[in-house]
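Please walk through the model shown here, one site at a time.

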Amino acid sequence: MKVLVTGGAGFIGSHTVDLLVERGHDVRILDNFENQVHGGSRPTYINGTAELTSGDILDKKTWVKALTGVEAVIHLAAMVGMGQSMYQPVRYMMANSIGTANMYEAIIENPEIKNNLKKIVSASSKSIYGEGSYRCGQHGVINPVNRPVDQLARGQWEVLCPHCGNEMAPVGITEDKPPQNLAAYALSKYDTERLTLMFGDTLKIPSITFRYFNVYGPRQSLGNPYTGVAAIFLSRVKNDNPPVIYEDGKMVRDFIFVEDVAMGNVLALEKGRETDVFNLGTGKSVTIEQIARTLIELNGREIEPKITNEFRPGDSRHDFADIGRAEKKLGFKPKWSLKSGMEKLVEWSDDQKAVDKFDQAEKERIRYLGG
Ligand SMILES: NC(=O)c1ccc[n+]([C@@H]2O[C@H](COP(=O)([O-])OP(=O)(O)OC[C@H]3O[C@@H](n4cnc5c(N)ncnc54)[C@H](O)[C@@H]3O)[C@@H](O)[C@H]2O)c1
Ligand SMILES: [Zn+2]
């Protein structure tokens with residue numbers, strides 16, 4: 001198939017492009033080489049057999065040009081910093097909501113484009129869920145609201161059952177959990193997702209949108225302090241600075257290796273028949289402290305992570321995916337263990353320059369949102 005990958009110069013996009021090329025697809029990339037991600041230069045890893053279009057998804061004419069002649073789109077271009085979206089909401093809503101809406105106007109207004117399209121895949125995010133899902137021994141599965149600030153101020157980190165007040169254990173999140181959209185980024189990704197599902201139905205183009213969990217691996221920007229906790233920790237460690245961890249470090253996340261995400265995208269393109277939304281994670285959970293310690297150890301450094309016992313309002317305590325739907329309907333099965341994926345990440349980073357901008361991003365966050 002002739003496939004357009006937007007954001008194809010980025011982290012997930014470039015791995016997706018490589019896999020598509022490997023499987024014999026003909027790939028076109030649309031990317032604007034966002035300065036915050038690429039630091040003012042074009043990455044050297046871009047697949048040489050892909051056709052490269054430089055342009056902005058905010059420009060409808062760019063979309064028309066990029067979409068002409070393609071049979072499928074994998075739309076990944078977006079602004080990706082959750083915290084930053086809370087002091088630059090216009091930038092996020094523009095790129096992620098309006099940028100996606102532009103794609104649909106370009107399709108709607110050009111029947112020759114629409115008639116060629118057999119599949120659209122887009123990137124949503126687990127961030128739409130907000131707080132994770134839990135089980136109370138007495139009350140079963142609960143989808144709680146985010147923890148009240150006065151509870152966090154007391155250092156009570158675990159989520160309490162709204163009925164009995166007992167601590168609850170996290171369980172995998174399923175796709176039917178109602179969204180909470182606790183940040184402008186999450187809301188803008190929910191727009192991407194809803195537009196994909198809505199127009200999948202009205203335009204009758206089979207469409208799949210993925211709620212990726214925490215993606216990590218080679219090529220994640222080591223100079224972008226706004227996204228990707230593994231990359232942020234790695235930049236800290238490579239500069240001999242301690243990774244900074246909020247709360248007590250025991251919160252869990254679902255870390256999925258980027259090549260598994262690329263495989264999910266390709267399966268959606270080749271196999272998914274119906275318009276649908278899927279979680280994309282491993283279904284396994286690991287604590288943030290463990291991620292920090294693993295990266296320190298793999299880099300052979302003598303650093304202790306800095307566990308601050310401070311909190312960021314709106315952070316979820318625990319979240320990880322239930323991937324049953326993607327397993328069943330797409331045949332998705334993650335291949336990479338956390339250990340082998342982290343080793344691959346660190347091996348790649350050995351000859352990469354990591355600019356640690358964490359302190360700068362923290363100062364910005366505190367200036368705009370308070371400590
Ligand atoms: N990395 C994760 O853990 C994660 C988790 C959930 C969802 N996602 C989603 O996956 C997608 C890819 O994320 P990533 O981690 O590869 O990020 P990334 O920043 O590495 O890649 C995004 C790419 O989009 C490009 N881009 C940004 N704005 C653009 C615009 N206006 N026009 C054209 N191109 C533009 C950037 O230059 C970049 O190459 C995004 O939609 C993101 O929201 C990522
Ligand atoms: Zn209870």
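The lining of the second largest pocket is made up of 6 nonpolar, 3 polar and 2 charged residues. In this predicted model, the pocket has a volume of about 160 Å³. Its lining includes Tyr 216 and Phe 255, and also takes in the runs Lys 284, Ser 285 and Val 286, and Pro 334, Lys 335, Trp 336, Ser 337 and Leu 338. Thr 282 is another of the lining residues.

The next site is that of the zinc ion (ligand 2). Four residues coordinate this ion: Cys 136, Cys 161 and Cys 164 each through SG, and His 139 through ND1, at 2.1 to 2.4 Å. Along the sequence these donor residues follow the spacing C-x2-H-x21-C-x2-C. The angles among the 4 donor atoms run from 104 to 116°, and the site is tetrahedral. For reference, the ideal angle for four tetrahedral donors is 109.5 degrees. Two of the donor residues can be set side by side in terms of accessibility. Cys 136 has a relative accessible area of 2%, so it counts as buried, the limit being under 20%. His 139 is partly exposed, because its relative accessibility of 33% falls between the limits of 20% and 50%.

Ligand 1 is the remaining topic. There are 27 residues around ligand 1, and those that come nearest are Ile 12, Asp 31, His 38, Tyr 185 and Lys 189.

Conventions:
Residues are numbered from 1 along each chain as its sequence is written. Chains are lettered from A and ligands numbered from 1 in the order in which they are written. This is a predicted model: local features need pLDDT of at least 70, side-chain atom pairs count only at pLDDT 80 or more; totals for chains, interfaces and linings use all residues. Side-chain values use heavy atoms; hydrogens and water are left out. Donors are N, O and S atoms within 2.8 Å of the metal (3.2 Å for Na, K and Ca); water is not among the atoms, so sites may look incomplete. Four donors count as tetrahedral if all angles lie between 85 and 135 degrees; four count as square planar and six as octahedral if opposite donors are over 155 degrees apart and all others between 65 and 115; anything else is irregular. Buried means under 20% relative accessible area, exposed over 50%, partly exposed in between (1.4 Å probe, protein chains only). On a 1 Å grid over the protein atoms alone, a cavity is a set of points where a 1.4 Å probe fits but cannot get out, and a pocket is an open set with protein on both sides within 12 Å along at least five of seven lines; lining residues have an atom within 4 Å of a point. Grid points are joined across faces, edges and corners, and a volume is the space filled by probe spheres set on the points. Ala, Val, Leu, Ile, Met, Phe, Trp, Tyr, Cys and Pro count as nonpolar, Asp, Glu, Lys and Arg as charged, and the others, Gly among them, as polar. A residue is near a molecule or strand if one of its heavy atoms lies within 4 Å of it.
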